[in-house]
Amino acid sequence: LRPAAGVETTGFWTSRHLAGAPFATRRSLGRGQVHYIGTYLQGAALRAALDLACADAALRPQLPGLPPG
């Protein structure tokens, strides 16, 4: 993955042969954003990616205070 000008890298590999290479990017387009994630996410990594995307979109829970899950 080689991000183009105007594309922000939001995640990097931390180990093995891809250490330091980006796996997630974000680009603003007009009033929206595009997130690209070039890996399979599970558990905490998936939650972190969803939290970032929801925060960027200014999404809020419809029923605040519910337990996770």
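Which strands and helices each supply at least two residues of the lining of the second largest pocket?

Modeller: Happy to walk you through that. This is a predicted model, in which local features need pLDDT of at least 70, side-chain atom pairs count only at pLDDT 80 or more, and totals for chains, interfaces and linings use all residues. Residues are numbered from 1 along each chain as its sequence is written, and side-chain values use heavy atoms, with hydrogens and water left out.

The elements you ask about are β1, β2, β3 and α1 (43-56), each giving at least two lining residues. Helices (H or I, at least four residues) and strands (E, at least two) are DSSP runs, numbered from the N terminus. A pocket here is an open set of points on a 1 Å grid over the protein atoms alone, where a 1.4 Å probe fits, with protein on both sides within 12 Å along at least five of seven lines; lining residues have an atom within 4 Å of a point.

The second largest pocket has a volume of about 210 Å³, a volume being the space filled by probe spheres set on the points, which are joined across faces, edges and corners. It is lined by 15 residues, and Ala24, Ile37, Ala48, Ala49 and Leu52 are the closest to its centre. The biggest contribution comes from α1, with six residues. By type, the lining of this second largest pocket holds 11 nonpolar residues, four polar and no charged. Ala, Val, Leu, Ile, Met, Phe, Trp, Tyr, Cys and Pro count as nonpolar, Asp, Glu, Lys and Arg as charged, and the others, Gly among them, as polar.

Now for the strands themselves. β1 (residues 8-12) and β2 (residues 22-29) run antiparallel, joined by four bridges; two strands pair if DSSP finds at least two bridges between them. Glutamate 8 has arginine 26 of β2 as its bridge partner. On to the next pair: six bridges link β2 with β3 (residues 32-37), again in the antiparallel sense, and serine 28 faces glutamine 33 of β3. Two residues sit between the strands in the hairpin of β2 and β3, where glycine 30 adopts a positive phi near 60 degrees.

Histidine 17 counts as exposed because its relative accessible area is 69%, and exposed means over 50%, buried under 20% and partly exposed in between (1.4 Å probe, protein chains only). Its C-alpha atom is 23 Å from that of alanine 49, 32 residues apart along the chain.
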